[in-house]
Amino acid sequence: MLHHLEVNPDGKSFPNVFKTLQETYRILRPGGVLTIITETPETIDGTWFGQLVPETRKRWHKRFPNHFQMSTMLKEAGFSIKSALKSLVASYLPVYGDLEGPLHESWRNLNSFWALCTDSEIQDMVKNVNKMKSEGTLQSFFEKHDKVYKEGACEIFAVKKEDK
């Protein structure tokens, strides 16, 4: 839950994430491995539902280091990167392809992205999804904006504290 660490994220620096990585490095035994599964600005841009609330997406971007920033922080904390890859399946959200999912709070509660939405953003999104649903354009919206198989659903970093 690295995206909850920064108090006022600006998307440029992530001092609390970096401190957490440094502390993790300090307490991990030599030879120990850390795996981080995270979203990045790139992966949220690949989700179709992120396109429904563009202002929320902008705020979400500021909460996550991008791939380069995360790789750099891991190296600067002392870790050796063993693997960095993108998962092309939204397995963290089994109902990802439910086109009416965003209309339901229970669906939105499955991803903390939605917690950044204002009430008016949710209301506007519901209105727009219902409009697309009634016009028969919701499926084409999904097909146009779903880029998970290109951008990835999340990024996975496997790093190691090398034996000295």
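Modeller: A residue is buried when its relative accessible area is under 20%, exposed when over 50%, and partly exposed in between (1.4 Å probe, protein chains only). By that rule Trp60 and Phe113 are buried. The model is predicted, so local features need pLDDT of at least 70 and side-chain atom pairs count only at pLDDT 80 or more, while totals for chains, interfaces and linings use all residues. Residues are numbered from 1 along each chain as its sequence is written, and side-chain values use heavy atoms, with hydrogens and water left out.

Colleague: How is a pair of aromatic rings described?

Modeller: By the distance of the centres and the angle of the planes. Rings of Phe, Tyr and Trp (its six-membered ring) pair if their centres lie within 6.5 Å; planes under 30 degrees apart are stacked, over 60 edge-to-face, and the rest tilted.

Colleague: How many aromatic pairs does a search of the whole structure find?

Modeller: The search finds 13. One of them, Phe49 with Trp114, is tilted, at 5.7 Å centre to centre and 35° between the planes.

Colleague: Why does that pair tie together parts that are 65 residues apart in sequence?

Modeller: Because Phe49 lies in the loop between helix H2 (41-45) and helix H3 (54-63), and Trp114 in the loop between helix H5 (105-108) and helix H6 (119-135). Helices here are DSSP runs (H or I, at least four residues), numbered from the N terminus. Phe49 has 0% relative accessibility, so Phe49 is buried.

Colleague: What kind of pair do Trp60 and Phe113 form?

Modeller: Their ring centres are 5.4 Å apart and their planes at 85°, so the pair is edge-to-face.

Notes:
Helix = DSSP H or I, 4+ residues; strand = E, 2+ residues; numbered from the N terminus.
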